Amino acid sequence: MVNLATLALSAGSLLATAEEEGHGVELSDGGLLAQYAWLMVVLPFVAALFITLYGKRTPRGGAWIAVGTVGFVLVYGLVLLISHWATPIAHTENINIATIGQFDIEWGVVVDGLSIMMFFVVGAIATASFTYAVSYMEGDIRETAFWASFSLFAGAMLVLVSAANILQMLVGWELVGLASYLLIGHYWEEKENSSAAMKAFLVNKVADVGLIIGVLIPALIVGSFRFHDILGAAVEGNPGLVKYGFVIGLLLFIGAMGKSAQFPFHVWLPDAMAGPTPVSALMHAATMVTAGVYLLGRMFPFYNSVAIDVLPIVMWIGGITMLIAGLLAIVQDDIKRVLAYSTVSQLGYMVAAMGAGAYTAGLFHLFTHAFFKSLLFLGAGSVIHAVHSNNMSDMGGLRKYMPTTFWTFGIGSLALAGFPLLAGFFSKDEVLASLNYASSHGTPSATFVMWIGIVTAFITAFYMARAVFLTFFGEYKGDPAHEPHESPRLMTVPLQALAVGAIVAGYFNVPGIFTPFTDWLSGREFAPGDHHAESFDIFVLVLGSLAGLIGIAIGYSFFFADGESQEARDRRFRLPGPIHTLLVNKYYIDDFYMLIVNFIKRPLANAANWLNGLIDAAVSGTGILMSVLGKFVYEGLDQRGIDASINAIGGGTGEAGGALRYIQTGKVQQYAAVLFIGVLLLAVGFFIVTSR
Amino acid sequence: MTIAQFAILGGLLFSVGVYGVLVRRNAVLVLLSVELMMTAVNINLVAFGRFYDNISGQIFSLFVIAVAAAEVGIGLAIVLLIFRNRSSANVDELDLLRW
């Protein structure tokens, strides 16, 4: 592969980008390596199709085929990333599928800094969670279906990430939604799980209404679906885009809010934990839910030029989301739900950073978060695997039984809590620093969001400390007959690999010292030219880290106390009654939605019923009319008319034949006599005619 | 000798042949009657050939004789086979193509 990379690099001719794009970075077309990037997108689909058709006859339901394809994506993504690091690549391939009016419907693969980063993240997290799932899903009732859907997801995510036009992105967007639906409802025997799948699907559909309108308006204005054309028009100040920029930006952001579980669309993500844990790790933590952030990143030049008024809204939505979701995580007993709310909260950070105009900071948090959050989910899965319960009240003391899971989960938690020098520390600090920067550069309200971020950092550290102490410290409170044990190597090795990622991922963007990540992301067309801190923002750095450390310390004081019973801890940690009730009931948002749904449901159902009756009547009327008409045609025209005449012709011919056949006597001499008479008559006739 | 005398001879001979074909029951005699009809035709051909001073009439009659010989050969062979199969050469009984 390395040889291929050098070959591709030497083959790729250098292209200089236009100077007005700000950076003047030399962009290469990436050569063969970029041209064949579509292989990454296609292979998972091939695997999904193969597993669907032959999975039942393949060992382990085709698990290793699925792992192989995502492993290929990882290797290819890594090689691309290294090449991109050496020489920035920006390459687009387009295939025309259909032309409708002035619009070309295309399938394209864009290979640039942003998509390469996502290829690598998807490849890395997918390889870890696929490998993990080989062991985790062993003996599952529907293993083949799981692998087919999981591979489908990998392919769909890569379609989304590699999209060169906004329509293809929409296709990928809906495909990941489909895979999410299939996998959340994997254990559909329980009504609760299939309802969760339905909920995720429907909430996303509501948000997708915004997305699809937001996709169509710019395409109608610019006359093309390509990002290249839309972003180009936006940067050049296309009057139509300037006029409708705010609306388009807001509609696209509504779509992003649905997929990235931003308030008020965040309600689906915690319920999505009904799916198998590797699914939660890959889709509902690292990749699919970051699609909204990716969309904002891809469209960032657009937001930064014509839709700049949307950005404060984006920032505030992110700020609100990070705080409310963080608070909810405190009262959860289900370990996966703690992580789910934590994911929503961290997505809030990314969105807030995007809203503050910090393209790099938001995507950097996406990058680091992918590692430590998928690590946490896989660790939680390992714990669940061992104690056969999702509830932390059934756990405790597991550090003695499962040391590898313990230390990897610990690293993940510290990284998430922003413990100094781990991945989350750098990225969270960068988000907060960019909010601080924005507050003094045109968006004063960013100060509030920055403080919300610091408070959330404290809350994050607190609930993660709670989760770690309740799970791994104290005494084992689960089923005494069933002693927990460490998971098999196939599950612990991905944990260890991700733990390494959770430590080192942060070092790829140390402000002012080592910033390859910033360079990766700016290696694209219409580079956003956002602000990059030249050094650490010491004020924010200290505050953010202190918030995290205090959170851990308070969590320790409440929940550590080795040997204490669960009840004793609960007595000691008690939020004031009303707040606790509010949090346990998730701010009654779900109930509020149900109220609206019920309010609309009855009139809608009645109206639909009435309309249905109308349609029924029309259909029945037509049916009766047709039946009468058919009867007339059959009996009157067909039977009495056509059939009768045909029968008469046949019968008449038969009768005539019957009557005339007696002429045929078989006697040669009679025939000869007739012949002679005939000739004689002809001769006489001839004679008469000629002699006249 | 006028042409009418030859024509009358031909007509009479032809009528005898027709009578034989229509009336005789033995297949051999039917064949012979056919020969008579051909002979009448030959007389006509030769007579008219001479009358119009055209040699082709005589030449054509030679062809007719040759064809008649061949025809009689085949006809007699058929009659012989019929006789062997049915021990009769009676034309009246050969009515297999009857309704």
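Visitor: What share of the 99 residues in chain B is buried, and what makes a residue count as buried?

Guide: In this predicted model, buried residues make up 15% of the 99 residues in chain B.

Visitor: How many helices and strands does chain B have?

Guide: Chain B has three helices and zero strands. Reading from the N terminus, its elements follow the order α-α-α.

Visitor: Why is chain B called more spread out than a compact globule?

Guide: The globule rule gives 13 Å for 99 residues, while the radius of gyration of chain B is 16 Å, well over that value, so chain B is more spread out than a compact globule. Along the principal axes, the C-alpha trace of chain B spans about 50 × 25 × 25 Å.

Visitor: What is the predictor's confidence in chain B?

Guide: The pLDDT, on a scale from 0 to 100, averages 90 in chain B, and 100% of the residues score at least 70. For the complex, the predictor gives an ipTM of 0.85 and a pTM of 0.73.

Visitor: How many residues of chain A are in contact with chain B, and what makes two residues a contact?

Guide: Eleven residues of chain A are in contact with eleven residues of chain B. A pair counts if the two C-beta atoms lie within 7 Å. On the chain A side, five of these residues are nonpolar, four are polar and two are charged.

Visitor: Let's turn to chain A. Why is H17(A) called largely enclosed?

Guide: Of its 29 residues, 27 are buried, so H17(A) is largely enclosed by the rest of the structure.

Visitor: How do you know that the span of H17(A) is close to the expected one?

Guide: Helix H17 of chain A covers residues 359-387 and reaches 41 Å from its first C-alpha to its last, against the 42 Å expected at 1.5 Å a residue.

Visitor: Where does H17(A) bend, and what follows the helix?

Guide: H17(A) bends by about 30 degrees at His369(A). After the helix comes His388(A), with a positive phi near 55 degrees.

Visitor: And what makes H26(A) a helix that lies largely in the open?

Guide: Helix H26 of chain A has eight residues, 577-584, and the number buried is zero, so H26(A) lies largely in the open. H26(A) is followed by Lys586(A), whose phi is positive, near 55 degrees.

Notes. Residues are numbered from 1 along each chain as its sequence is written. Chains are lettered from A and ligands numbered from 1 in the order in which they are written. This is a predicted model: local features need pLDDT of at least 70, side-chain atom pairs count only at pLDDT 80 or more; totals for chains, interfaces and linings use all residues. Helices (H or I, at least four residues) and strands (E, at least two) are DSSP runs, numbered from the N terminus. The radius of gyration is taken over C-alpha atoms; the globule rule is 2.2 Å times the number of residues to the power 0.38. A residue is buried if 20 or more other C-beta atoms lie within 10 Å of its own, exposed if 12 or fewer, and partly exposed in between; C-beta atoms are placed from the backbone. The expected span of a helix is 1.5 Å times one less than its number of residues. The bend at a residue is the angle between axes fitted to the seven residues ending there and the seven starting there. Ala, Val, Leu, Ile, Met, Phe, Trp, Tyr, Cys and Pro count as nonpolar, Asp, Glu, Lys and Arg as charged, and the others, Gly among them, as polar.
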